Amino acid sequence: MGNSKLFPDFIFESSWEVCNKVGGIYTVLSTRANTLQSKLHDKVVFIGPDCWGEKKCPYFIEDKTLFADWQKAVLTSDLKVKVGRWTIPGNPIAILVDFANYYSQKDKIYSRLWELFGVDSLHGYGDYDEASMFSYAAALVVESFYNYYLDSSQKVIYHGNEWMTGLGLLYIRHHVPAIATIFTTHATSIGRSIAGNNKPLYDYLPAYNGDQMAGELNMQSKHSIEKQTAFNVDCFTTVSDITARECAELMDKPVDVVLPNGFENDFVPRGADFTRRRKAARQKLLKVASCLTGTVIGDDAMIVATSGRYEFRNKGIDVFIEAMNRLRFEQGLEKEVVAFIEVPAWVGDARADLKERMDKGSFDGPMEYPMLTHWLNNMGEDKVLGMMRYLGMENAPSDKVKLVFIPCYLTGDDGILDLTYYDVVLGNDLCVYPSYYEPWGYTPLEAVAFKVPCITTDLAGFGLWANGVKGGISTIEDGVEVIHRTDYNYSEVVDRIKDTVCRYASFGAAEVKKARANAEKLSKKALWDKFIAYYLEAYDFALRSSENRNKLER
């Protein structure tokens, strides 16, 4: 990157998902931390919410000796913090902050935010207050720590992720102007809302007015904090070119740097361990499907899966179900296919009747609900079950394609599979992620790291990146099939998925081996040691902007 780039002496980074595993941002931060820690040993501090109270946080180990004098000084203030280490590779320092006591001051905090930056908090609801009070508390931690240990002779950065850290970034901008600020939106709140409300996002993008849409969709406050933060930080970033376009159109603010999401592959097993765990996962998945459907499914069946958050349209779950339905009637399908939807829903208990059948190892005919591993609390309203019912997908013995819904978090103790998500991914032959709205897309990146070829779309940041690496349209032979998706070509996308699965099922052993090797090869191009370069660019941009700003303001 050249020697002329400015590099920080100290970085604070905050997110709702620091030591709090709720989504993809946890993966971004926790896998990148090791690379940052190796460059800035213990001069990078992550700040997250203390959601745990008296209970032990499973991702954090408290250490009273870390910055002990500051911890002691903080005891006399309003700040309630736990200082320790995040239990991830690199073991970076993390500070968890309790923000409950700031709710009583929220009207005053919001009024000041309006006066200084014109942020509309009047229409806040749901998680708006919670996120804002956390963000405020995180900024107080940064301010307190900075004033205790650091000064303007050092190059310091505060990096906030998602609209949920916006209030804190604006607080730092005003109260500690010497700190350079970076804001990363992983998905614009208004873009996600437009897509989630079944409105066409892409064809109309240049015509949409973000402020107007925020009013229409009751998103004024989230959009307002996000937009004002984008305009007032030293460096505004997002995770892909597709979301960068969204930012320019819906927030009227082009991003300064695009920061694609890398990852580490240290969780991928090697050699004999890989083979053993893949075999075990396949056996378990096929056993679950056999017991549910009352059909003996052979070892040579092809396992296809989709996974991620339960965003029925945005993640393309509807497209996946329709593609598997059409595949049932495909004359040219050469293999039996077992498809899985691994998406956490409003899950109740693991099915005792299924567990009993699995333990017994024998069955006589299909079970009631032969497509479901765990009972749901909303059996009548669930969208996956509803669409399967509508399409008449009942996993009949004669069906060449069986579709099974695993509606729980795969943490290794779900009561049916008892495998972690990564172990389950290992067992797949093909993964499908036909997203309509996907700023980046970790699930396909994880799949290819496990040598599982996948199908995605060019509306996902990852799909666009895969095409960029190929220098053309990436195909399943390259490890990733990237399907062109628009607002209106749903049926065409469904057919392309069906045809690709069918084509992959006809591959010989050598072709499968090559596609799997290409998938793994592609994943290595997204490791953090490659992608950290984009962050170095953002740090340099923020520090130079901050330098110029402080000269002007002096």
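**View 1. Pairing of strands E10 and E15 in the predicted model.** Strand E10 (residues 302-307) and strand E15 (residues 430-433) run parallel and are joined by two bridges; two strands pair if DSSP finds at least two bridges between them. Val-304 stands opposite Leu-430 in E15. Strands (E, at least two residues) and helices (H or I, at least four) are DSSP runs, numbered from the N terminus. The model is predicted, so that local features need pLDDT of at least 70 and side-chain atom pairs count only at pLDDT 80 or more, whereas totals for chains, interfaces and linings use all residues. Residues are numbered from 1 along each chain as its sequence is written, and side-chain values use heavy atoms, with hydrogens and water left out.

**View 2. The open sheet of six strands.** Parallel pairing links the strands in the order E14-E11-E10-E15-E16-E17. Strand E14 (401-406) and strand E17 (480-483) are the edge strands, each pairing on one side only. On average, neighbouring strands of this sheet are turned by 20° against each other, direction ignored. Axes are lines fitted to C-alpha atoms, for helices over the stretch in contact, and angles run from 0 to 180 degrees between N-to-C directions. Helix H16 (residues 461-470) lies across strand E16 (454-457) and E17, at about 110° to E17.

**View 3. The open sheet of nine strands.** With mixed pairing, the strand order is E3-E4-E5-E2-E1-E6-E7-E8-E9. E3 and strand E9 (257-258) are the edge strands, and each pairs on one side only. Strand E6 (residues 156-161) pairs with strand E7 (residues 180-185) in the parallel sense over five bridges, and Ala-180 in E7 is the bridge partner of Ile-157.

**View 4. Strand E4 and its two partners.** Five of the seven residues of strand E4 (residues 80-86) are buried (under 20% relative accessible area, 1.4 Å probe, protein chains only). E4 runs antiparallel to strand E3 (residues 60-62), with three bridges, and also antiparallel to strand E5 (residues 93-98), with six bridges. Arg-85 is the bridge partner of Ile-61 and, in E5, has Ile-93 as its bridge partner. Six residues lie between E4 and E5 in their hairpin, where Gly-90 in the turn has a positive phi of about 95°.

**View 5. Packing of helices H10 and H12.** The axes of helix H10 (residues 271-293) and helix H12 (residues 352-360) come within 10 Å and cross at roughly 115°. The two helices are therefore roughly perpendicular (65 to 115 degrees). Lys-284, Lys-287, Val-288, Cys-291 and Leu-292 in H10 meet Leu-354, Arg-357 and Met-358 in H12 (heavy atoms within 4.5 Å).

Definitions and conventions: Buried means under 20% relative accessible area, exposed over 50%, partly exposed in between (1.4 Å probe, protein chains only). Angles under 35 degrees count as roughly parallel, over 145 as roughly antiparallel, 65 to 115 as roughly perpendicular and the rest as oblique.
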